[in-house]
Amino acid sequence: MQDNIMILTVSRLNALLRELVEDNFMQVWVEGEISNFSIPASGHWYFSLKDADAQVRAVMFRAQNRLLGFVPESGMRVVCRGRLSLYPQRGEVQLIVEGLEPRGVGGLQLAFEQLKNRLADEGLFAVERKRPLPAFPRVVGVVTSATGAAIHDIIQVLRRRGAGVHLLLRPVRVQGEGAAEEIAAAIAELNRQGEAEVLIVGRGGGSLEDLWAFNEEPVARAIHGSKIPVISAVGHEVDHTIADFVADLRAPTPSAAAEMVARGRLELEGHLDHLVMRLATQMRRRVDFGRERLNGLHRRLRSPRESLALARQRQADLARRLSQAMERRLKERAWRLSSLAERLDDLSPLRTLGRGYAVVSRAGGDVVRDAAVLTPGERVRLRFAQGQAAARIEEVES
């Protein structure tokens, strides 16, 4: 081994390679497919970025991935922005990702779909939890910008409808950083205050980025937790946000939300007009019917003399029928009594005595049926069909 040969340790070699890689690849854009994606307890994202022929390890630290708004998945094709480094412990090159964008679908749209699916699985969009709007709200809470077109449109509609509704405006920022937290806080404040009977939460139209505050989880949770029914009125009719799915009712525009609030009172007025017309018609019909019935009764009405004659005739007929019924009943009773008397006479002991028999009774009145109960010298009475006699027992034979 020659003396001028430099011998490096593995650590030194990896350190030199790390300097070489980091100095020459300070920012790169790499397209590929994510595989082996994992999120350990640290919150960092670890994955491989691959194509048909090669792959490279990648990491996106928590400080960067928490700003992304969505979570990538294995199999997703993405473009990563970052820098190359070398992990000296294993001597592996890795891509430290600072930005990540899906290919084919935007990051905001992906974040929208992921949050929508997660909240749906939790039941925040369930139809059975949605509440009906109050029929005649007197106080309406509005969460929107104080200077935007939405509040102007709402006021114009309610003024035109003459609904007599009192508005409670809670002005908030409706786009930009921190807007979602302001919207959620305003919803909670109106619930604590307790005056509003229904809430309108929304803003005018805009791009997906402009409307994004209404796609964030704090707003969805605040609407879900509201004790007051919520109308979501975000953007135009073609726009859909997470707030629309969670709210008790979606209005395509802020103006439409105001129409919904005022509709109950106008419908009531129209319904009352309809009822008044129906009542007048029914009253006319009842009067006409009563007049016809009275005329019919007048035609059927008899004079008192005729009615009295009919009553007397009916009374005489009833008296005759009653007399006949009583006569038949008395005959039936007499015949039955005679029949029972004959049967009773046949069973009478007097009939037996009339045939020559006598009834023997002891001094106490007991009838003697067995000679064995008598004793010689005992006095007994004999009853005949005609009269009685006293006797003394001379002899008893069993």
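Trainee: Which residue of β5 stands opposite L86?

Mentor: That is V93. Keep in mind as we go that this model is predicted.

Trainee: How do you know that strands β4 and β5 are paired?

Mentor: Count the bridges and compare with the rule. Two strands pair if there are at least two bridges between them, and ten bridges join β4, residues 77-87, to β5, residues 92-102. The two therefore count as paired, by the rule of at least two bridges. They run antiparallel.

Trainee: And what do these strands belong to?

Mentor: They are part of a closed barrel of five strands, in the order β1-β2-β3-β5-β4 and with mixed pairing. From one strand to the next, the twist averages 55°.

Trainee: Let's turn to charges. Why is the contact between D288 and R291 called a salt bridge?

Mentor: The cut-off is 4 Å between a side-chain nitrogen of Lys or Arg and a carboxyl oxygen of Asp or Glu. For D288 and R291 the closest N and O atoms are 3.2 Å apart, so the pair meets the cut-off of 4 Å. Both residues sit in helix α8 (residues 254-300), and because they are three residues apart, about one helical turn separates them.

Trainee: What makes D288 partly exposed rather than buried or exposed?

Mentor: Buried means under 20% relative accessible area and exposed means over 50%. D288 has 39%, so it counts as partly exposed. R291, at 47%, is partly exposed as well.

Trainee: How do you know that R320 and D317 form a salt bridge?

Mentor: Their closest N and O atoms are 2.5 Å apart, and that is within 4 Å, so the name applies. These two are three residues apart in helix α9, residues 304-347. R320 has a relative accessible area of 43% and D317 has 30%, so each is partly exposed.

Trainee: How many salt bridges does the count come to?

Mentor: It comes to 20. There is also a network of salt bridges that links R118, E122, E217 and R221.

Conventions. Residues numbered from 1 in each chain as written. Predicted model: local features only at pLDDT ≥ 70, side-chain atom pairs only at ≥ 80, totals over all residues. Heavy atoms only, no water. Helix = DSSP H or I, 4+ residues; strand = E, 2+ residues; numbered from the N terminus. Axes fitted to C-alpha atoms, helices over the stretch in contact; angles between N-to-C directions. Buried < 20%, exposed > 50% of the residue type's maximum accessible area, 1.4 Å probe, protein only.
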